[in-house]
Amino acid sequence: MIQLRPHQIDAADAVEDAYRAGMMRPLVDSCVGSGKSLTMAELARRAWARGERTIICAHRESLVEQNAEACRKLGLQVGINAAKLGERTWRAPVISAMINSVYNSAQQFGPVANIFTDEAHLVPHSESGMYREFLRGFPNARKPGFSGTVFRLQGGSLVEGEGAPFERVVFAYSIIDGIRDGYLVPAYSAPASDKIDVSKLRKTAGEFTGASQDAQMLALMDSHIAQMMVGGADRRAWLIFEATQKAALAMTERLNAWGIPAACVIDKTRDRRAIYDAFNAGRLRALVNVEALTTGFDSQRIDLVCFRRRTMSLGLYIQMCLDAQTEILTERGWLRHNQMTDGDKVAGFDRETGAIEWCDILSRVERPLSGGERMYGIKSPHLDIRVTDQHDMLVRSMSRTTKRWTKEPAAQMAMRAGLSRIPVAGIQGACGTVLTDDELRFVGWYLTDGCINKKTNQLYIAQSDAKPAHCAEIRRVLQSCGLKFGECLIKRTGAQVHYAPSRHFTVSKGTPRGRDHHLRGWSHLEPWLDKSIGSPRFEMLTQRQLLVLLQAMWLGDGRSGSAFDYTLRTFDITFGDNRDAAERMQSLCVRRGFRCNMAVQRQKPSSWNANPKPQYMLHIKSVSTSTVAGFGVADGSISGKKSYKRSRFEEVPHVPGELVWCVETRLGTIVTRRNGKVAIVGNCGRGLRTIGGNLEASIRAGKSDCLFYDFAGVIDQHGPLDFIRPKETKVNLVSCEACDARVPSAAMRCWNCDEQMNKLCPACLVNIPKGTLDCPECGHDMRAGGGEPVQRGAKLLETPSGAALIAAFRPVSEKAGGWIPIRRAWEVDGRAIVADSNGDRWELPDVLAPHAADARWIRGEAGAVAGLLKPNGSSRNTVLQITAEGVVLPVPMPPKI
């Protein structure tokens, strides 16, 4: 028996959780080198413990043998059914089978409860093929799939679309995860000289043809070998990918001629096992192959990989990022992408212990969203997350025995079944303070209801006399702290005359004299009396001591009402307009194991407060996780009456090319905040660079990394592994009037604030809600296109000033002084033409033509254009007047008629 890796156990647990949720065809996305064979063997072992038999299907002999060996390592009785291997076992507890040997013989196996498919991306969406025929022979069996390729250029996702062979991806483990955990070494790529000329390549079915690549690769072979010998002089095991068998055989022959022991592995190679053994033993330095070593080949010695085959796949060139509105917790507070520096220390979360530590930034990425990426997130009362589809999320099941946090890409987490937890707080070590609990309560009362008279050094704590229990608690705390204090009752005056009197407790700073000499003043607590909570003393508080402080603050400025004995569930503490204090307290709470979210309340101007400032409130609860609903979980209700929607992680709208960013830490995690709500997620991961993990054994063995040599120009297409070159995207963006977020012009609602987006009626240029088919102002039919006919081939000018500025001046109407609204502007034979709201057309002189696209009003005199008006930036009070001579003058906005 061997000890399984944590991610292999997690994958097996995820599959069985899917079984319990009623899923029969879950999919495991696990990268090369992650040990899928042992994961399947563990599931087969658990199944046999329940008395269930299992068949593991694969399409290559090497995979069949590898899976059988993994089962033996776990102590299972396993048989092989593969004609090429000379074994035909039908009734063993576990059978490792080759699909082309068994696809039409399902009935001979007898009762089987589990059919595992290795390299599941080979199962088609259609009902044709060997895999589909074999699986149909076991209608009641569970049929999980295992692959490192769940999205393909042809056929799409294995879990989406009509006829998808699997239901959900229930677990994912990437190459980056393997490097972080120390099971894979870091890799880097180096651009090469004499690369393939892609302009001379041809495509078939979305991929470059091998024949068109051979024409160049054969001629460049010696140059490529020379570069590998220089760059890989200290590399002991080379793996070379060719496009065709012709190129592979020629490369093998040439390598041996250059004195590099090499062998070729193609589909017709019969003595593969001998070749693999020689390569693993070091007798061969290079293996050349054509799609023969992409699946099922397992060699830990490889330290140089050479690509001589051009591919359309983006592959490993993915970075995972947060959106621009997400902040990251640092020692300086919550920072956005434009505020952070490389010298900042960010909060990292230890997945094993739940501890939070300050970590150096190993790397930082800030880039536009790639054309092929999507955004996933959640927006709920407790969570607000928005990340790229491949960003690592931390998640674990609801089971009380599950303590370890696993990483899943965001797109994968959205497909989870059942309820899951994500972390929102952790524990950072603290030495504790020598203050008593009542002294901490005194600090809490001061922070909320206290002040200090700078002239007399008297400290005041005020409380409404309508709350006798609160007043009694303040009195008790002051007595317990040994402070000399006095109290008085002050009646309200003016606008507050109808409120209950205010009871003031006063404490002097210095040591009392006379008969009160045994008491003391507040001077020994002075370092703690910082309303900005910026004193380093607060960092000393343990979780229990912080809870004591929060309870006092909740009584002072919380939504506790007059019920002193209220059963506490959540602290709702108001900080007024003191944002710094609210943010520092939120940071401290998150690092002491409390879920803490910040809400901003913006009041409307009133007669007594014409310029109200934002008010900040913290919602604090003594939990460190939040629950997310997944597949198969229905919305709920309270007492069968008040219904509510569960928090769900799902794909959210995105703007192609929008800014995304992230940082990298040694713990592989970061503490984030979006719109005041905190969540702990994985960090970006820079290509295949290591982020932590234990590589000592590999280094001692002479392999500290892996070099990728690219002669096929893949780096030119996708960028090197440490820098992504996103695909260019063309999209028209407009600003949301409610929140100023940039939104695609075709969007019906703003992705950020969910407000209705508007569009311009092409006939009357009035703003109307998107989706409207008939303009309510002029009755124009949107399905008929623009109102003014345009000569074919004519180049249209932009509609005046764009959606954002037009919205600033809506609705368009006549202005005093003879200014008529312009309805349309276009160009015919080099002449600028505008049409006004009266239906008249005007040909603009050359000096006015450059302003036609932005002009909003026109004025004519004696049949000629006398001037134009156009917006003056974003000003609503002024416009720019362009005279017939082309002079531009800022003038007041003319009044409406």
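1. A residue counts as buried when its relative accessible area is under 20%, and as exposed when that area is over 50%; partly exposed covers the values in between. That cut-off matters for R503, which has a relative accessible area of 18% and is therefore buried. The model under review is predicted. The values below are computed from that model.

2. Overall make-up. The protein chain runs to 897 residues, and buried residues make up 51% of them. Its secondary structure consists of 18 helices and 54 strands. Take the contacts with a sequence separation of 6 or more: residues 24 or more positions apart account for 64% of these. The accessible surface of the chain is about 41,200 Å². Carbon and sulfur atoms hold 49% of that surface.

3. Salt bridges, overall. Side chains of opposite charge can pair when their charged atoms come close. How many salt bridges does the structure hold? The count is 38.

4. D465 and R503. These two residues form a salt bridge, with the closest N and O atoms 2.9 Å apart. The pair links distant parts of the chain, 38 residues apart. D465 sits in the loop between β30 (459-464) and α13 (468-480). R503 belongs to strand β32 (residues 502-507).

5. R544 and D437. Here the side chains meet in a salt bridge at 3.0 Å, N to O. R544 lies in helix α14 (residues 543-557) and D437 in helix α12 (residues 437-449), so the bridge ties together parts that are 107 residues apart in sequence. Both ends are partly exposed: R544 has a relative accessible area of 46%, and D437 has one of 25%.

6. K484 and D516. The closest N and O atoms of this salt bridge are 3.5 Å apart. Both partners sit in loops, K484 between α13 and β31 (485-490), D516 between β32 and α14. The pair links distant parts of the chain, 32 residues apart. K484 counts as partly exposed, at 32% relative accessibility.

7. A charged network. Which residues are linked in a network of salt bridges? They are D13, E16, E42, R45, R46, R50, E52 and R142.

8. The largest cavity. There are two cavities of 30 Å³ or more. The largest holds about 80 Å³ of space. Its lining comprises 11 residues, and Y173, D177, D181, R351 and K407 lie nearest the centre.

9. The lining residues are L322, T326, D384, I385, R386, V387, T672 and V681. Strand β25 (residues 384-388) supplies the largest share of this lining, four residues. By class, the lining of the second largest cavity has four nonpolar residues, two polar and two charged.

10. S96. Is this residue buried or exposed? S96 is buried, with a relative accessible area of 0%. Its place is in strand β5 (residues 94-98). Leaving aside residues up to four places away in sequence, S96 touches I56, V64, N67, A68, V78, G79, I80 and N81.

11. C750. This cysteine is in the loop between β45 (742-744) and β46 (758-760). Its relative accessible area is 3%, so C750 counts as buried. C739 is 11 residues away from C750 in sequence. In space, the two are 8.7 Å apart, C-alpha to C-alpha.

Technical notes: Residues are numbered from 1 along each chain as its sequence is written. This is a predicted model: local features need pLDDT of at least 70, side-chain atom pairs count only at pLDDT 80 or more; totals for chains, interfaces and linings use all residues. Side-chain values use heavy atoms; hydrogens and water are left out. Helices (H or I, at least four residues) and strands (E, at least two) are DSSP runs, numbered from the N terminus. Buried means under 20% relative accessible area, exposed over 50%, partly exposed in between (1.4 Å probe, protein chains only). Contact means heavy atoms within 4.5 Å. Accessible areas come from the Shrake-Rupley method with a 1.4 Å probe; for residues, only the protein chains shown count as cover. A salt bridge is a side-chain nitrogen of Lys or Arg within 4 Å of a carboxyl oxygen of Asp or Glu. On a 1 Å grid over the protein atoms alone, a cavity is a set of points where a 1.4 Å probe fits but cannot get out, and a pocket is an open set with protein on both sides within 12 Å along at least five of seven lines; lining residues have an atom within 4 Å of a point. Grid points are joined across faces, edges and corners, and a volume is the space filled by probe spheres set on the points. Ala, Val, Leu, Ile, Met, Phe, Trp, Tyr, Cys and Pro count as nonpolar, Asp, Glu, Lys and Arg as charged, and the others, Gly among them, as polar.
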